[in-house]
Amino acid sequence: MAVVSPTSFITPLSADYGRKSTISFTSSSSSTLILRFPPNFVRQLSTKARRNCSNIGVAQIVAASWSDRQAPLDTPPSATAGAEAAPVVVGGDDTAAGSGSGSSGNGVVSKIVQSPASLALGSFLSSDGSLVVHAGERIGRGITTDSITTPVVNTSAYWFNNSEELIDFKEGRHASYEYGRYGNPTTKVLEEKMNALERAESTVFVSSGMYASVAMFLALVPAGGHIVTTTDCYRKTRIFIQNELPKMGITVTVIDPADMDSLERALNENDVSVFFTESPTNPFLRCVDIELVSELCHSKGAVVCIDGTFASPVNQKALTFGADLVLHSATKFIAGHNDVLGGCISGSEKLISKIRQYHHVVGGVLNPNAAYLISRGMKTLHLRVQHQNNTALRMAQFLEEHPKIVQVYYPGLPSHPEHHIAKRQMTGFGGVVSFEVAGDLRSTMKFVDSLKIPYLAPSFGGVESIVDQPAIMSYWDLPQAERLKYGIKDNLVRFSFGVEDFDDLKADIIQALDQI
């Protein structure tokens with residue numbers, strides 16, 4: 001990136017701030033970049049910035065919108081080669097700060113609309129811990145503000161100065177937003193953060209993880225198409241695949257997560273559009289060999305989508321193993337505080353644009369306040385997940401040795417059927433452990449009810465521990481014989497470990513097991 005002296009930003013500014021001013025310069029690696037300043041630019045800045053606009057203040061504000069427009073980490077040079085830098089549009093009409101739609105009144109110029117197509121994080125942000133804190137915000141944030149946190153932009157629509165500007169927007173010469181269903185600056189920051197974390201070209205955030213799955217299927221699988229999925233999965237996903245997709249003539253092959261022979265057979269016998277699975281799966285935490293699955297599917301032109309909710313982007317980056325898409329219920333580990341619903345899909349711009357186009361038509365929009373909560377939760381994602389990984393692994397090892405536990409399902413254990421795969425493609429094994437208690441439905445209920453720390457509730461991945469008995473929580477509408485078809489025994493327990501102290505959780509589990 002070319003280094004530009006602060007004075008090169010300051011010199012061209014006119015004392016007449018009522019007229020638009022421009023700054024242009026040429027870097028060694030790109031064509032001339034023009035920064036356009038709106039009428040009353042300085043008057044729209046925060047008080048602190050206005051005090052400094054005679055020196056470095058303006059340069060800092062400009063740099064905040066312009067800086068580091070290079071490619072994100074792990075993006076090949078070809079992804080940005082030849083791309084022309086668009087003008088950074090920094091304003092609207094003559095409205096003064098705090099007097100209506102021109103500003104939020106809290107130091108934010110709300111007409112700031114340019115959000116870089118890709119994050120430029122530089123060599124100084126290389127770890128997940130740094131990325132979850134700063135990606136999409138410290139560098140390349142599309143909202144100019146002197147606040148550390150990204151503001152919540154609560155609006156349903158966005159305005160244009162005139163019809164010519166609207167035409168420029170429609171034809172791609174002016175960066176802006178149009179309608180709340182099509183995008184929001186707060187949500188855009190969240191999407192850029194996930195891009196950096198998953199090493200993705202593009203991400204779309206939506207209202208829930210379930211909606212993300214639905215949007216992915218309906219955007220990518222044609223009527224009469226065929227998909228392949230796995231036996232162990234979230235029940236509502238299975239219901240959608242079994243009950244809704246057939247209405248569009250879409251057929252499905254269901255395989256065991258480890259059965260690559262069945263996958264090859266399905267690919268040879270059908271025109272498969274999408275292979276979709278969770279990894280790890282719900283609730284038995286089965287793992288697929290993402291690299292092998294991707295090779296097999298790509299040889300037949302099928303898209304690979306991995307639901308990585310149970311892993312989180314900290315423990316597993318499916319795209320780096322060859323998957324085309326990675327999907328998350330952001331409600332779980334990503335947001336991490338049991339207080340917001342959301343979902344996201346990350347992958348190539350080519351595929352995400354198809355899903356985004358469907359999403360813009362159908363809806364399922366993530367509220368900007370939810371986007372803020374998820375973004376705030378993500379900033380501690382690496383800390384929470386590391387703690388949960390440690391607690392879950394130690395607890396799985398303890399439970400496997402306990403005489404009142406029949407079976408433990410956790411990919412971090414050598415006894416797990418895909419432990420060798422998990423070791424290769426995961427850096428941690430997650431915060432959820434499933435296990436079977438030595439007893440029937442009632443004795444398992446007694447164990448669950450005797451626990452004092454975890455909440456008896458659905459969901460997982462939050463700072464509070466959560467426990468549930470799937471036979472009751474998710475499958476109670478089915479008779480026992482039907483539940484067993486999916487491996488759901490009456491004594492199965494799914495335990496999501498939060499960030500509580502390990503010794504407290506262990507003592508609680510011991511006393512609960514003593515009750516049966």
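The model is predicted, so local features need pLDDT of at least 70, side-chain atom pairs count only at pLDDT 80 or more, and totals for chains, interfaces and linings use all residues. Residues are numbered from 1 along each chain as its sequence is written, and side-chain values use heavy atoms, with hydrogens and water left out.

Start inside. In soluble globular proteins, nonpolar side chains tend to be buried together. A nonpolar core is a set of buried Ala, Val, Leu, Ile, Met, Phe, Trp, Tyr and Cys residues joined through side-chain atoms within 4.5 Å. Buried means under 20% relative accessible area, exposed over 50%, and partly exposed in between (1.4 Å probe, protein chains only). Here the largest nonpolar core has 57 residues. Ile374, Phe435, Phe447 and Ile509 have the most contacts inside this core. Helix H14 (residues 381-400) gives the largest share, 7 residues. Helices (H or I, at least four residues) and strands (E, at least two) are DSSP runs, numbered from the N terminus. A second, separate core has 25 residues, including Val206, Phe240, Ile250 and Cys305.

Now zoom in on Ile509. Contact means heavy atoms within 4.5 Å. Leave aside the neighbours within four places in sequence, and Ile509 touches Met395, Phe398, Leu399, Phe447, Leu451, Phe495 and Phe497.

Next, the rings. Rings of Phe, Tyr and Trp (its six-membered ring) pair if their centres lie within 6.5 Å; planes under 30 degrees apart count as stacked, over 60 as edge-to-face and the rest as tilted. The count comes to 12 aromatic pairs. Phe284 and Tyr409 form an edge-to-face pair, 4.9 Å centre to centre, with 70 degrees between the planes. This pair links distant parts of the chain, 125 residues apart. Phe284 lies in the loop between strand S7 (272-278) and helix H10 (290-298), while Tyr409 is in strand S11 (residues 405-409). Phe284 counts as buried because its relative accessibility is 10%. Tyr409 is buried too, at 18%.

Tyr475 and Tyr486 form a tilted pair, 6.1 Å centre to centre and 40 degrees between the planes. At 4% relative accessibility, Tyr475 counts as buried. Tyr486 is partly exposed, at 28%. Elsewhere, ring pairs link Phe217, Phe240 and Phe276 into a cluster.

Finally, charges over rings. A charge sits over a ring if NZ of Lys or CZ of Arg is within 6 Å of the ring centre and within 35 degrees of the ring normal. The charged end of Arg394 sits over the ring of Phe502, 3.7 Å from its centre. Lys332 has its charged end over the ring of Phe460, 5.4 Å from the centre.
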